[in-house]
Amino acid sequence: MWDQLQKIILNYSPRDKELIRTAYDLALSSHGNQKRDSGDPYISHPVAVATELIKLKLDSSAIAAALLHDVLEDTPLTKAELRDAVGDEVSFLVEGLTKLDRVKYRGFERTVESTRKMFLAVAEDVRVVLIKLSDRLHNMRTIKWVRPEKQTRIATETLEIFAPLAYRLGMGELKGELEDLSFPIVYPEEYAWVYKETKERLSERNAYLERVRPFVEEELKKGGLKTASIDFRAKNYYSIWKKLLRNDLDMSRVTDLTAMRITVHTIEECYQALGIIHGLWKPMPGRIKDYISLPKPNGYRSLHTTVFCLDDKTTEFQIRTHEMHEEAEFGVAAHWVWEAAGKPKEGTRANVDKIAWVKRLQEWQRDFTEESGEDFMESLKIEFFKDRIFVLTPKGEVIDLPEGSTPVDFAFHVHSAIGSHMTGAKVNNKMVPFSYILSSGDSIEILTQKNQKPSIDWLDFARSSATRGHIRSALRKTGIEPPAIKEIQEKKKTTTLLIVRENRIGLLKDITSQLARDRLNITKTESDTADVNKPYLLIQFEAQKHLDLDRLLTRLKKIKGVKEVTVKKND
Ligand code: MN
C-alpha cells in the first residue's frame, strides 16, 4: 500500500513526505486487522481517499488527515495520541471530519439546503469538506459490498447532499461521478430507462462528432488557433435524467447529450473560436451563452453555443481556456490557497483567485441570511459562516442560530410553547445550564413540563433579540410584566477584548471556548485583517461581576497564535 502512495507523492517536499509517512504508519497500526465490507484490509480505504486528494494537489496536512480520517471514529486511538503523533493542524482536520459524521441527513425536504450549509459550517475548513467528498466517492465506488438497505440510504444522501455540495464548490467531475454512482441505486427504473434510451444515441452521436471534428480543426487552424484542442464528452446520466424531467421526457429536446469542447489559451481566443464556429454553421437563436462575462453562481466559466451543424443536426459547442477547464473540473480545489506562513506550499496549487471564492461563499451565506431575516451587513462583518451555528433537534432536523446561542434561544426558536415550558436542556445527552453556549453539531433536547412558567432570568440567557421578544410576550401571557427594555440594556454592560493574532485555523474557536469556560455571553465578534502586521479580533461579551478577568486573560495569552490582548470596559 505504501508503495502505491510513494509513487504519487514525488512532487511533495521531504518534510511533507515525512508527515504523510507518519500518518500512513499510524493509520495502518490503528486500523490493525480491520477489514472493509469487500474483505480488503481497511487501510485500502484511507489510501484511496488520500489518492484522490493527491490528484487534487492538496497539501500534506490534508493528505495526512485523509489517511487518518477514520481513526477517531473507528479505532481506540485518542485525540491526544493523534495530536502527539501528527500535530495540531492534521488533528484539527481529523476532528472536523469526526464532527461531520454526526451530521446525518434524514430526508426532510426543507432541511436539505440547511444540511449542505451545515456541512460547510461544521467543517470550518474547506479541506475537511474535500476529504469528506473523497471519502464518499470511494464509499460509493465500493458500495456493491454494502447491504442493500444501507446502499439506498448512502446513495440518497450522496445525491441530495454530497453531489450538490461538489457542484457548489465547482467540482464538476466529482459531482458527475457521485451522481452516476448513486442514480442506479436510488432510481433503478429511471436509470435503466435513460441508459437504454441513450445507449444507441450516444454511439451514433460519437460517430457523428468524429465526422465533425476535422472540419472544426481545419477552420480553427486557418483562423490562427493552431494549438486549440478539441474533444467531446457525454453528459452524465443523472444530468440527462434531470433535463428530461424538465422537457416532458422528450429525448429529442436534449440537444447537448454530447457537446463538442474546444480548449484554447486565452479569453480572446475563446471569442475568436466562437466567431469561427458561427462562420461555419448557423447558431440557434437564444442558445449562445457567455459564462465568461457572466459566470454561473458556482464560478463556472465557458462560452456555449448550439449550431445547426453537419446534416443540419443541432450540436452544442463549449469553448474555454485551459484554466477555466481546470476550474470546471476541480473547482474550489483548483483555487484554494493551501498556505502555511502566507506562502503557497511547494507542489500545491497557487492562489489564483481566492477572493472570488470567498465572495461566492459569502453570497451563498447571503441567500441564507435573507431567508432568516438577519441583517446582511451584520453577517458580512464576521468571517463567512463564523456567525452562525447549526444544531440538531432530537429528530435530526437542522436548526441554525446566531453564534453564542443558548438552549433558551434554541427552545424558543423551535416553538414558543416549548420555550415557555422549559425545565431543562440536554446537549449531546448531558444536562446543561440554560446559559450553556451551543456549538455547531450539538444535538439538543429540551425538557418541558406543563405547569412550568417562563422566568425573567431567561432574558439574560437569550442571545438574539428575537428570543428576548418571545420571552417577553410569554411573560406577559402569564401575567408578569417584563422589565423595560431600557433597563435591561443599562444592566447589560459589556467588556471588549482586542486580540492581536496570527492567522491560524481554529484560533477563533480556541478563544471562544476559553470564554465559554467562564460562561460569558458573547455579543459581538469582529475580525480585521486589513493590516497584515496587526490582524486583530475584537470580542465583546456581557460583563459579569464575578468574572476573574486576569485569569481569563492569562488563559487567552497562552493560546497559540494570540500575540496581545487588551481590555476595554464599556461602563
Ligand atoms: Mn471513511
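## Manganese site and the H9/H10 helix pair

His69 counts as buried because its relative accessibility is 3%, under the 20% cut-off. The model is predicted. Asp135, at 7% relative accessibility, is likewise counted as buried.

Both residues belong to the metal site. The manganese ion is coordinated by His45 (NE2), His69 (NE2), Asp70 (OD) and Asp135 (OD), at 2.2 to 2.4 Å. Along the sequence, the spacing of these donor residues is H-x23-H-D-x64-D. His69 and Asp135 link distant parts of the chain, being 66 residues apart. The table places these two donors.

| Residue | Relative accessibility | Location |
|---|---|---|
| His69 | 3% | loop between helix H4 (60-67) and helix H5 (71-74) |
| Asp135 | 7% | helix H8 (residues 126-141) |

The crossing of H9 past H10 is left-handed.

On the H9 side, the contact is made by Gln151, Thr152, Ala155, Thr156, Thr158, Leu159, Phe162, Ala163, Ala166 and Tyr167. H10 contributes Leu174, Lys175, Leu178, Glu179, Ser182, Ile185 and Val186. By type, the residues of this contact between H9 and H10 comprise ten nonpolar, five polar and two charged.

How values were computed
Residues are numbered from 1 along each chain as its sequence is written. This is a predicted model: local features need pLDDT of at least 70, side-chain atom pairs count only at pLDDT 80 or more; totals for chains, interfaces and linings use all residues. Side-chain values use heavy atoms; hydrogens and water are left out. A crossing is left-handed if the near helix is turned anticlockwise from the far one by less than a right angle, and right-handed if clockwise. Helices (H or I, at least four residues) and strands (E, at least two) are DSSP runs, numbered from the N terminus. Contact means heavy atoms within 4.5 Å. Ala, Val, Leu, Ile, Met, Phe, Trp, Tyr, Cys and Pro count as nonpolar, Asp, Glu, Lys and Arg as charged, and the others, Gly among them, as polar. Donors are N, O and S atoms within 2.8 Å of the metal (3.2 Å for Na, K and Ca); water is not among the atoms, so sites may look incomplete. Buried means under 20% relative accessible area, exposed over 50%, partly exposed in between (1.4 Å probe, protein chains only).
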